[in-house]
Amino acid sequence: MKVLKTYPEKCISCHVCETTCSSLYFKEDKAELSCIQIHDETNPPVMNVCNQCQACVAACPTCAITVNKQGVVMISRSLCIGCLMCVAVCPTDSMRTAFGKHNPFKCIACGACVKTCPADALAIVEE
Amino acid sequence: MNRKVLAEYRYTLKPIEKGYNRRTLYVNVGTKEIKEKPVTDMMIDKFVGGKGFDLYLMWQGVKDSTKWNDPENEICISFGPLCGNTSYPGSGKSIVTTISPLTGIPVDCNVGGHFGPYTKFAGFDALELQGIAEEDVIVYIDGDTGIVKIMTAPDEKINSHILAEDLIKEFADSEDKHQFVSVVSTGEAANNVLITCLNFSFWDKRRKVARLKQAGRGGTGTVFRKKGIKALVVKYSGLKVDTNNPVDLPTLQKTGLKLHKEIEAGDDTQCRMHQVGTAHLMEIMNDYDLLPIRNFKYGQMPEAESLHSREFTALFTQGMADGCWYGCSLSCCKAVDNFKPRTGPYKGQPVCVDGPEYETAAGCGSNICAWDPRDVVEINFYCDTYGVDTISFGTSVAFVMECYENGILNKERTGGLDLSWGNTDAALELLHQMARGEGFGLTVGLGVRRMKKIFAEEFGADAQFLQDIGMEAKGLEYSQYMSKESLAQQGGYTLALKGPQHDEAWLIFMDMVNNHIPTFKDKAEALHYFPMFRTWFGLQGLCKLPWNDIEPANNAQTDEPAKVPEHVANYVDIYKAITGKPMDKKELILQSERVYNFQKVFCMRMGGGRRIDDIPPYRAVGPVTEEEYNSRAERYDKLLKEKIGVDPEGKTVAEKMDITRKFREDQYQQLVDAVYERKGWTKEGVPTLEHLKNIGMDLPEVLEVVKRFL
């Protein structure tokens with residue numbers, strides 16, 4: 001299973017990963033539109049991102065959420081009807097929503113943020 | 001498929017505005033006329049949508065003299081402005097109305113499945129069916145291209161589990177698009193008997209079967225078949241989160257997500273809807289002496305342990321998104337997969353059975369002493385596919401079993417069937433007879449009211465005894481709760497406009513267990529508020545369950561926990577978010593009050609709606625037989641002493657029963673007086689002109705009917 005692994009002890013809370021992610025998928029630099037989110041109220045910070053556990057897959061009423069060959073949980077935008085049931089069942093609060101947007105979104109382990117992280121706090125790994 | 005198009009109508013597709021299409025669809029299967037009707041501002045202001053639109057359209061369509069089998073009788077199906085949103089749990093309901101063959105007055109059913117939302121998104125706020133077809137037809141609405149067709153249907157099987165699936169496969173664009181088609185159908189029994197239902201399908205992508213939800217009460221299936229309709233089919237492929245075009249999508253999403261999270265956190269420790277659906281109530285009702293057993297004689301028996309919800313949990317496939325509409329995280333519509341019936345035409349064939357829900361488990365289980373859960377599942381399956389209402393079936397079979405026990409019926413009169421308590425083979429055979437159109441099943445399928453008359457007239461049975469034990473009012477069979485020890489629930493059932501169904505008010509715990517509404521005034525207030533609040537679901541296209549089958553963690557600490565104030569606020573919020581119209585908790589009740597009073601006057605117009613129609617059989621009020629009295633003698637003796645002020649010592653059981661009966665019947669009449677007054681009605685149950693004016697339901701046609709009764 002391909003997954004974005006986080007190393008909070010290395011994280012310097014620069015939030016570059018959030019900028020990278022939201023800019024890539026929504027063309028906007030907004031932390032709430034990022035699949036990875038850094039909560040820096042604590043030390044080390046909390047790096048919240050999908051661990052591909054698949055809890056959302058069974059909850060989806062339209063079967064819009066599937067697991068690809070690499071073990072990554074994917075959302076089909078054409079099948080998704082935006083009910084957000086997947087957001088509620090996510091045990092790590094990593095299924096994202098932005099009210100007003102039609103579909104939830106999540107980390108698909110694309111690795112874009114790994115490349116821009118200046119502190120080596122992120123890695124794509126096989127688990 | 002050998003199918004001819006008898007009529008075709010093309011319409012312009014256009015987006016919904018704030019929950020409304022502003023047009024309805026009229027289809028006359030007799031004259032083959034298909035047309036659109038505009039939805040006026042008056043309709044929205046006075047009737048809102050859903051049941052309100054249904055009743056308004058039906059009022060125009062029928063005459064005072066219309067009977068269920070007249071061509072002008074209508075089947076109306078409407079959806080409401082909130083229906084079809086995918087954000088808030090329980091938002092996919094259709095409301096079906098027709099003049100009922102059982103009651104002769106309008107009946108309304110609230111049903112899930114995808115037909116309602118898809119028909120709404122195809123472009124219509126209601127579907128109005130009238131006429132009688134010369135040959136069997138299908139009405140097809142193609143919401144993707146804007147075409148409505150009446151088509152011949154000579155070849156298909158009628159039974160729903162086959163027909164729904166066949167039609168979905170026929171009308172879907174391809175194998176991966178079955179979920180965009182929904183079917184309304186009934187079954188073979190609807191050709192022959194009156195206690196029938198309509199099945200609304202939704203395609204279950206995981207199971208790859210057509211699931212069926214029931215518009216259960218009042219014989220809608222029989223009207224459907226009388227009209228020569230085999231099925232209604234709708235196709236709509238464009239569903240998105242904003243298809244209902246709400247004015248404030250973020251608020252709608254936020255409110256929905258809040259409830260999703262509440263359900264995720266609380267359902268496992270509250271109602272366990274995810275695991276077992278409404279059948280979680282079985283042991284609760286048995287524990288509180290409220291589970292109907294032996295035709296509502298008793299509320300508790302040790303044998304009922306075998307129908308504990310854990311038995312159904314074990315039969316239901318777990319871990320599925322079992323919502324009857326998208327976005328319902330309560331997921332209560334459970335299914336038994338690969339069930340192999342042991343009787344009937346589908347014996348040995350693996351089928352998917354929806355339910356049993358509580359009403360079915362109690363009505364077709366405990367009430368007839370069917371103690372094997374698999375027998376309940378089998379009765380459930382055949383009821384659904386034959387188009388029989390499980391509630392009326394359970395109550396009707398319980399009635400004939402008690403008649404059999406008392407010698408009113410015997411094998412000679414039942415065509416050889418031994419109707420002893422718990423004989424599930426006989427119960428299933430009655431069901432198969434209803435489908436085949438033969439035998440004693442045809443009599444049972446007429447419902448309790450007609451059976452009472454037949455048994456008295458043809459078998460010389462004691463009419464008063466039959467009246468006392470026959471659990472019907474207005475012609476409709478009671479649903480499955482014991483109301484003997486809750487005066488408020490006796491009212492909740494028997495004052496319900498369409499007949500004794502628990503969807504207007506369920507007050508047993510408030511009244512009997514918690515004693516929160518001790519006075520007549522308190523009970524009357526509850527019997528005003530809750531029926532009005534629950535009517536609102538039917539105006540909007542919503543399900544009742546997410547209102548109080550899940551509660552916020554702090555609900556018990558609120559001022560009025562029975563109302564679930566936070567959820568009421570949610571409804572106000574989502575109504576405003578979708579329609580953009582002002583709303584508060586008072587206006588919410590007022591919306592309902594207008595339609596509720598309209599329905600009441602509609603009942604009066606059709607010859608019902610009188611005080612005499614609001615009287616329960618004594619079995620719903622107190623112990624009819626000595627056996628019943630003695631089974632709870634300590635309770636009844638205590639009540640004699642403490643409530644009635646009579647010392648039971650030295651009195652015969654018959655004497656004590658007589659005193660108890662007079663007291664309870666008098667209490668009930670006092671309750672009716674209090675409720676009528678609170679509702680703004682005269683002592684005869686007629687809405688006053690002043691009240692109709694105050695609530696804004698003083699339409700000339702309404703006043704014209706009311707004046708006949710004042």
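First, a term: I call a residue buried when its relative accessible area is under 20%, exposed when it is over 50%, and partly exposed in between, using a 1.4 Å probe and protein chains only. This is a predicted model, where local features need pLDDT of at least 70, side-chain atom pairs count only at pLDDT 80 or more, and totals for chains, interfaces and linings use all residues. Residues are numbered from 1 along each chain as its sequence is written, chains are lettered from A and ligands numbered from 1 in the order written, and side-chain values use heavy atoms, without hydrogens and water.

**Entry 1: chain A**

I began with burial: 49% of the 127 residues in chain A are buried. Next I listed the DSSP runs, taking helices as H or I of at least four residues and strands as E of at least two, numbered from the N terminus. Chain A has 4 helices and 6 strands, in the order β-α-β-β-α-β-β-α-α-β from the N terminus.

I then checked the radius of gyration, taken over C-alpha atoms, against the globule rule of 2.2 Å times the number of residues to the power 0.38. Chain A has 14 Å, which agrees with a compact globule of 127 residues. Its C-alpha atoms fill a box of roughly 40 × 35 × 25 Å along the principal axes.

**Entry 2: chain B**

Here I found 27 helices and 17 strands. The radius of gyration of chain B is 24 Å, close to the 27 Å that the rule gives for 710 residues, so chain B is as compact as a globular protein of that length. Of those 710 residues, 66% count as buried.

I also looked at contacts, meaning heavy atoms within 4.5 Å. Among those in chain B between residues at least 6 apart in sequence, 71% join residues at least 24 apart.

**Entry 3: helices of chain B**

How many residues of helix α2 (residues 51-61) of chain B are buried? I got 10 of its 11, including B:Phe53, B:Leu55 and B:Trp59.

Then I took a helix pair. Helix α11 (residues 373-386) and helix α13 (residues 424-436) of chain B pack at about 10°, with axes 10 Å apart. The axes are lines fitted to C-alpha atoms over the stretch in contact, and angles run from 0 to 180 degrees between N-to-C directions. Among the contact residues are B:Ile379 and B:Tyr382 of α11(B) and B:Leu428 and B:Leu431 of α13(B).
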